[in-house]
Amino acid sequence: MSSTEDVDRIVANPKFQQLVRTRSRISWGMFFTVTTFYYLLMGTVAFNPEALRALISPDSVVTIGWPLGAAVIVVSWLLTGLYIRKANNDLEDLNDAVLKDLKK
Amino acid sequence: MNCVTQHKHLGLWALLTAPLFANASPAMEAGTKQPLNMTAIAMFFVFVLSTLAITYWAARRSRSASSFYTAGGGISGFQNGLAVAGDYMSAATLLGITSLVYVRGYDGFLYAISFFLGWPILLFLMAERLRNLGRFTFADIISYRLDPTLMRSMAAVGGLMVVFFYLIVQMVGAGELIQLLFGLEYNVAVIVVGVLMMVYVTFGGMIATTWVQIIKASLLLMGGTIVALLTLSHFDFNFGILAAQAVSVHKSGAKIMGPGTLFADPVSTLSLSLGAVFGLLGLPHILMRFFTVPNAKAARTSVFVASGFVGYFFLLICVLGLGGVAIVGTDPQYFVDGQLGGKLIGGNNMVALHLAKATGGNMLLGFLSAVAFATILAVVSGLALAGAAAVSHDLYANVWRKGRTTEASEMRVSKIATLCIGAVAIGLGILFKGQNIAFLVALAFGIAASSNFPILLLSMYWRGLTTRGALAGGVAGLVSSVGLVILSPAVWKMVLGNPTAIFPYDHPALFSMPCAFLFAFVVSKLDNSARGNAERAKFEAQFVRSQTGLGAAEASDH
């Protein structure tokens, strides 16, 4: 358990404020990107399904719905990769700096 | 045909399990038991013996509460990622979604996408805060600054309900699947699964449960990959050729390539997707896994790994579904009385297994059957452990004994709880034999998304949440989700036999989740008690810990 004094010192540390700001910008940004992409797809399914029945090429039976659906999975997974790259490097360094400042 | 109507009325929720029973039981009652598959039985015995050996090894390392509940925080990010993905990839996912794609094409794919999406969101909103704030159960986080007795009781009730509904579904599925695959009596199969689960969990705790899950997830991914590759090899490894073949033989033709009727209703679709996405963020056995890693960094890595495997597996399943249409759908030997386009032997959920046989012979069928059995064992073990932790850590140690207990007695209670959960699961599994239990999946996800998730999220993110608000919100979410499922077509019409359902949708989340948030918000806002103010004042310290990990439970078992 950390003391109240420690908590106050951390909250006042500009590095901590920067950590919180950056992390929340990244995580909410990615949250909205992923959900927007997904709900655009589901919205199209519900309101304009014809659009997803268009074929990827005239001699194929595959509709554009398939690559778009696969893209929702693949893109959101790549975003998780991007997130942990950011969080496990830059943000982790910042986090360590905040904790180190506390020991001063 | 049976499957199509079943899915239309109650199938949306069914990702994890429902399709399995929805179709398997009538087919089995028709007496289409498979001949004994010796390969399957041999491979299953190898799996059971090796996992029991692991349990024996783990038992000697599971002496402390921390090693029992969370493997001492000594699981790496990659291992945990594989294990947590394993918790989500049940036998029913493999068999159920494959059959959904087989019957409905693109709609099945959309279904898989919806149940995938919770993973990235789990990472963005929760993973690191979970690890930094929690120790053994997700109730640790809710009770961090709120009243521990009330919050733990509520979280334990919500958690246990999810665990039990899910367990019943798994047990019934296990009985039916094993009866079909191995020719074992239903009741015997349920008892075998229940007893093995008790052995893994009571002796091996989280260490054994995690390794069982890791092995099974690897086998499942391997089996799925082999079947998919063999399938694609029939079509020059070209998805377009596979799709063209599927379209030319499916009775709906080119329609299976685009959106069909499953997601045509916007309200129903939205409610399903909210439950699927946010239900994941309230499943106790999934949340618990974030306490098995040493730090927030490993927690994040595990979601990245898990998302990758789950996403890959779901994409694989769609190939299997179309492969089923193109290969199984054109081979009379897989149909009852050899009638193409008639009923599949063993029901539509057998598509994945028929495909394994068609592409890899009896050997591959045996392998995939053994993997399906192993999968059920691993999933029920994770559930039982989460349930036991809620009983012993939350209810016994913290609510009843107010934290004044020894680690040894808490562990004894958790082992007794595991045995009781196992016994109840066996009993309920036998009791619910042949029943239509698709609604239980709706209940589990509904409660997870509408009671566990909102309170967990608010407790981590919103300073203003007080005990009164959390209690009001959690109870509102619980009551509304259970109530709406009872009034839904799946229960009101199909189970209780009323002519029309009072609530027209199968999934409650669109209504019950906002209900929980609303009650939690309004009641917290109105709470001017001294306790409420003290709880708000404690947010700062919790926030700092959730962000930096300062003072978080350290890994103790390196």
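**A helix pair, a buried residue and an interface**

In chain B, α20(B) and α22(B) are roughly antiparallel to each other, a label given to angles over 145 degrees, with under 35 counted as roughly parallel, 65 to 115 as roughly perpendicular and the rest as oblique. Before the details: this is a predicted model, in which local features need pLDDT of at least 70 and side-chain atom pairs count only at pLDDT 80 or more, while totals for chains, interfaces and linings use all residues. Residues are numbered from 1 along each chain as its sequence is written, and chains are lettered from A and ligands numbered from 1 in the order in which they are written.

Back to the pair. Helix α20 of chain B covers residues 467–487 and helix α22 of chain B covers residues 509–526; they pack at an angle of about 160°, with their axes 7 Å apart. Axes are lines fitted to C-alpha atoms, for helices over the stretch in contact, and angles run from 0 to 180 degrees between N-to-C directions. Helices are DSSP runs of H or I, at least four residues, and strands are runs of E, at least two, numbered from the N terminus.

Which residues make the contact? From α20(B) they include Gly469(B), Gly473(B) and Gly477(B), and from α22(B) they include Phe511(B), Cys515(B) and Phe519(B). Contact means C-beta atoms, placed from the backbone, within 7 Å. The residues of this contact divide into 13 nonpolar, 8 polar and 1 charged. Here Ala, Val, Leu, Ile, Met, Phe, Trp, Tyr, Cys and Pro are nonpolar, Asp, Glu, Lys and Arg charged, and the others, Gly among them, polar.

Next, Leu368(B), which lies in helix α17 (residues 351–400) of chain B. Leu368(B) counts as buried because it has 28 C-beta neighbours inside 10 Å; the cut-offs are 20 or more for buried, 12 or fewer for exposed, and partly exposed in between. Leaving out residues up to four places away in sequence, Leu368(B) touches Gly223(B), Val227(B), Ala352(B), Leu353(B) and Ala356(B).

Now the contact between chains. It takes 43 residues from chain B and 41 residues from chain A. On the side of chain B, the largest share, 10 residues, comes from α16(B). That side divides into 28 nonpolar, 11 polar and 4 charged residues.

Finally, chain B overall. It has 24 helices and 0 strands, and buried residues make up 67% of its 558 residues. The C-alpha trace spans about 75 × 50 × 40 Å along its principal axes.

How values were computed: Contact = placed C-beta atoms within 7 Å.
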